[in-house]
Structures are given as structure tokens and as C-alpha cells.
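This report covers a disulfide, aromatic ring pairs and strand pairing. The sequence and the structure come first.

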Amino acid sequence: MAAKFCIKTTSSLFLVLCLTVILFFSLSCFSADPDPLQDFCVADLNSTIKINGYPCKPESEVRSDDFFFSGLMNGASTANPFGIGIQLGDVTTFPALNTQGLTVNRIDLEPGGIIPLHTHPRASEANFIMEGKVYFGFVTTTDVLYSKVMKAKEFFIVPRGLVHFAENVGRRKAIVLAILNSQKFGFSTLPLNLFASNPAIPNDVLAKNFLVDDKVIAIIKSKFRNETK
């Protein structure tokens, strides 16, 4: 009996250990960015070393100013077909964000302006409306649309990786703070991915996907060639 109990106990402990390891690695896969192993790692953007992120600037060269950022005070130009200006507050503009798993961008939208359908493969997104009235929406993997018109001081969440969009439905410029839980969140814009890729996706492939004639695809592609020059 003692031998059987020992075998069963050992097997149970082994099973628990295996499940713990599996759970640990599963949770690690769901985290947005790796956790930092030091107080900070101000990015050395000029380094030629390639890692998952950026190497740290020597601590002796770090200054107080490295941790303060005023780059979102003014909006980016909205003089484009979408009527959108995006001022980045990511690791490339604010190196102190390196290893912090955080990005804060300012988005300016002209009346009628739109953030095209897109996804962020490496981050969830929280949107805080600073000014204006914005129609937000995202689509789930089961093709359900969740959407609502948001006004100033309201807050909207987009789960990681889901296709989403935003449109200024007010009469004045809208300003949104987009906060993402990754220093390099990725931005995959569906219209550009589909109709302005390089090399181009063949017209017949797109035509079969959208159930239209090749000529329709050619017309759409010509619009993007003109508007992205």
C-alpha cells in the first residue's frame, strides 16, 4: 500500500507540475510585452543591436528629461484623404517607454474624418475622448459588431487583434487619446493591406474574396494609388 501511495502521490505531483508549467507559458503568451527586469530601460534608438525591443541606454547617460514627454500637446496634420492626424507617443518618440508595455497616441479627426478599419496584433486599446463626438466600433471573430457614439470624457476599449474603426460624427474636430498595452503595438490597415500592398495582391484574388468583377478591384486600387502618393 505504501508503495502504491508513493507512486500515486509522485504521479499527482508530476501532473500538477506539468499543469503549472503549461499555465505559466500560456499566461506568458497572452501578456502584451515581456516584463522589465530593471527599474527602467531608456531605449538607445541608435544602437545597431537587434533584440525584441531596444537596448538600454547606459544608466550614466539617463537624465530626468528622458522620462517627460510633451509630444502630444499639438496634433499631427489631418491633410489627407482620411482626415486623420496621428501623433505617436510610442517608444520611437518617447524612448523611456522601452520595456514598459505602453503607448499613448494622440489622434485628431476632422469632421467626417475616419480611422480606417485596422487591427493591432500586439495590443489591446483603450480610447479616451478628449474632444468631440466619435463613432467607435469593433468586429469580433464571430462577425458581431459592437459600436457606439462616444462623447468627450468617455472611454472605449478594443480587445487585442480585433478589427475596429472610428469616425468623427460631430461638427468640430475630435481629439482622442489611444492607449495601448505595448510599446510596439503594430498597425495593420485593412484598406491599404488589401489595395495598396507591395507587391500587389492579384486582382482576381481580391475579386473572388469580395464577389465582384476584376474591373471593380482595378478601380479601387487606382483610388489608393492616387491617394497614397
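## Cysteine pair

Cys-56 is partly exposed, with a relative accessible area of 39%, whereas Cys-41 is buried at 2%. Here buried means under 20% relative accessible area, exposed means over 50%, and partly exposed lies in between (1.4 Å probe, protein chains only). The two cysteines form a disulfide with their sulfur atoms 2.0 Å apart; the criterion is a pair of cysteine sulfur atoms within 2.5 Å. The structure holds one disulfide. The torsion about the S-S bond of Cys-41 and Cys-56 is about -110°, so this disulfide is left-handed.

The pair links distant parts of the chain, 15 residues apart: both Cys-41 and Cys-56 are in the loop between helix 1 (2–30) and strand 1 (84–87). Helices (H or I, at least four residues) and strands (E, at least two) are DSSP runs, numbered from the N terminus.

## Basis of the model

This is a predicted model, in which local features need pLDDT of at least 70 and side-chain atom pairs count only at pLDDT 80 or more, while totals for chains, interfaces and linings use all residues. Residues are numbered from 1 along each chain as its sequence is written, and side-chain values use heavy atoms, with hydrogens and water left out.

## Aromatic pairs

The structure holds eight aromatic pairs. Rings of Phe, Tyr and Trp (its six-membered ring) pair if their centres lie within 6.5 Å; planes under 30 degrees apart count as stacked, over 60 as edge-to-face and the rest as tilted. One of the pairs joins Phe-40 and Phe-67, with ring centres 5.2 Å apart and planes at 75°, so this pair is edge-to-face. Phe-40 and Phe-67 are both in the loop between helix 1 and strand 1, and the pair links distant parts of the chain, 27 residues apart. Phe-40 is partly exposed at 27% relative accessibility, and Phe-67 is partly exposed at 35%.

Phe-195 and Phe-224 form a stacked pair, 5.8 Å centre to centre with 20° between the planes. This pair also links distant parts of the chain: Phe-195 is in helix 2 (residues 190–195) and Phe-224 in helix 4 (residues 214–227), 29 residues apart. Phe-195 is buried at 13% relative accessibility, and Phe-224 is buried at 12%. Ring pairs also link Phe-136, Phe-138, Tyr-146 and Phe-156 into a cluster.

## Strand 2 and its partners

Strand 2 (residues 103–109) is mostly covered, with six of its seven residues buried. Strand 2 runs antiparallel to strand 1, and four bridges join them. Two strands pair if DSSP finds at least two bridges between them. Leu-109 in strand 2 is the bridge partner of Ile-84.

Strand 2 is also joined to strand 9 (residues 174–180), by seven bridges in the antiparallel sense. Ala-178 in strand 9 stands opposite Asn-105.

Five strands form an open sheet in the order 6-5-8-3-10, with antiparallel pairing. Its edge strands, strand 6 (145–151) and strand 10 (188–189), each pair on one side only.

Within this sheet, three bridges pair strand 3 (residues 114–119) with strand 8 (residues 163–168) in the antiparallel sense. Glu-167 in strand 8 stands opposite Ile-114. Strands of a sheet pair through backbone hydrogen bonds, either parallel or antiparallel.
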